Amino acid sequence: MDFAFFLIQLLNGLQYGLLLFLVASGLTLIFGIMGIINLAHGSFYMLGAYLAWSLASLTGSLAAAIALGIPLTVLFGMALEWLLVRRLYDRDHLFQVLLTYGLILVFEEIRSILWGDDMHGVPVPALLNASIPLTDNLSYPVYRLFISGVCLLLAYGLYLLIKKTRLGMMIRAGASNRDMVQSLGINIKFIYTLVFAVGVALAGFAGMINAPLSSVFPNMGGHVLIICFVVVVIGGIGSVKGAMAASLMIGLADTFGQVLVPEMAGMIVYLLMAVVLIWRPAGLFGRA
Amino acid sequence: MSELLLEASGLHSFYGISHILHGVDFSVARGECIGLMGRNGMGKTTLLKSMLGLVRPKQGSVKVRGRDVTQTEPHIIARAGIAYVPEGRGIFPNLTVRENLIMAARAGVDGRCEWDFDRVMATFPRLSERLANGGSQLSGGEQQMLTIGRALMTNPDLLILDEATEGLAPLIAKEIWNIIHGIRASGIATVIVDKNYAAVMALANRSVVLVKGRVVFSGSSNELSDNEELMHRFLGV
């Protein structure tokens, strides 16, 4: 493997990992703070991709589609939390799994009714549709670099929000003692609605921005959901830092696995999970 | 009579299926200091939680400044100027000392900001040395100071202290009592639940005694402390 080829795989692995982080960070936040196992999280990724496709077809621009799509996913997330998810906080995980699994089926059906069952492509925006030549026959697409950069910025923004702002402190405090947060005059229910909506919007945005690379197809949320649960488990449930480390690990392991040991590619992330869990049963950054 | 900050009437509350409060009346006027007493399991904490919206009473009403809040969310009751220092302290162990304090900062009901981060630091100099520590790395006394300081950051008109000195070494407990004296002197109304009845009665102008979820005594603290028979019958001392 020469250097240019290695570099391409490295960048691909990082880009895939950063994209996974967008989806997994919402999943781990929603679990860590509200205690909700959200099986429908992959559907938000799918929703984002379909919104990107249909809005880009309407407006003729992916950027416009994303600008319209983000507020739509935020509103969708708030409505969903307000209507359904908040009824689950005081209930057993079994109820959460039942409701959110049911939501996957409902969302797939709605997707089929609204958008049909065909596969669709979304063109890469013209401005970013270029490649950086690395050798005579190898080059790297600018759009993938762009995705990585945007994901890094968002990850940094999320870090600042959670670690540095008062809202972030309230969110973290809510994870440890909900009643006490309320007794300080803080509307924890509204904060939960916000956290859920942010999680939905992050997953939706990942689907939107990745639509030109992955294309848009039925059940596309399923695979992402499973990999994101692997990320959450490896990183430590509830840890955003852990989700970042685990996303990058999985992104790189999956990408290099497909190149170096293609016959084992499907297993490699699960092997990685098994090894991490034997070494650290609560995940990399989890509290035992 | 000055304005009533908090007024509960005829409260019946349950814990699971156990009937804990049997028609309790309780009120706190502006600037008043009330000792809420009774042996373990008599319903003191349930009464406090019922007034704070953390336990929903099955019957009866709770008013804050004359407004009915019986079915109101706890955060709205807190925003009406009522701060709570719960039994077992309730610090956020996953936040630093500084974060525990600044996340709670808020102006009082009339917009006044007498208590801010600097004043809490001046009142609890020990905490200023531990600002970057996680809440769980503090000693019991420091945790209690943090919880009281955090409650003050909301600029309350009424501070409710549930077992604030429980499990603390005598010297530290004395420090906490001094701080409570200072808070009372600043004009904030207080409700104090504590095993140290003598200290409570020395501070409170009124004492209320609960036995099995009923108010059996409500009157001046002197009247109670001077009456050995009542003290023995209700409190076992």
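Two strands count as paired if DSSP finds at least two bridges between them. With that in hand, let's work through this predicted model.

**Exercise 1.** Find the order of the strands in the open sheet of chain B, and name its edge strands.

*Solution.* Start with the order: the four strands run S2-S1-S4-S5 in chain B, and their pairing is antiparallel. Next, look for strands that pair on one side only; these are S2 (18-29) and S5 (67-68) of chain B. Now step inside the sheet, where five bridges join S1 (residues 4-15) to S4 (residues 59-64) of chain B. To see one partner pair, find His12(B), whose bridge partner in S4(B) is Gln59(B).

**Exercise 2.** Work out which parts of chain B supply the side that touches chain A.

*Solution.* Begin with the counts: 19 residues of chain B are in contact with 17 residues of chain A. Then turn to the helices of chain B, where H2 (74-79) and H3 (97-102) each give at least two residues to this side. The largest share, four residues, belongs to H2(B). Finally, sort the residues on this side of chain B by type: twelve are nonpolar, four polar and three charged.

**Exercise 3.** Decide whether the radius of gyration of chain A agrees or disagrees with that of a compact globule.

*Solution.* First take the length, 288 residues, for which a compact globule would have a radius near 19 Å. Then compare: chain A has 19 Å, so the two agree. As a further step, note that buried residues make up 45% of chain A. Its secondary structure comprises eleven helices and two strands.

Technical notes. Residues are numbered from 1 along each chain as its sequence is written. Chains are lettered from A and ligands numbered from 1 in the order in which they are written. This is a predicted model: local features need pLDDT of at least 70, side-chain atom pairs count only at pLDDT 80 or more; totals for chains, interfaces and linings use all residues. Two residues are in contact if their C-beta atoms, placed from the backbone, lie within 7 Å. Ala, Val, Leu, Ile, Met, Phe, Trp, Tyr, Cys and Pro count as nonpolar, Asp, Glu, Lys and Arg as charged, and the others, Gly among them, as polar. The radius of gyration is taken over C-alpha atoms; the globule rule is 2.2 Å times the number of residues to the power 0.38. A residue is buried if 20 or more other C-beta atoms lie within 10 Å of its own, exposed if 12 or fewer, and partly exposed in between; C-beta atoms are placed from the backbone.
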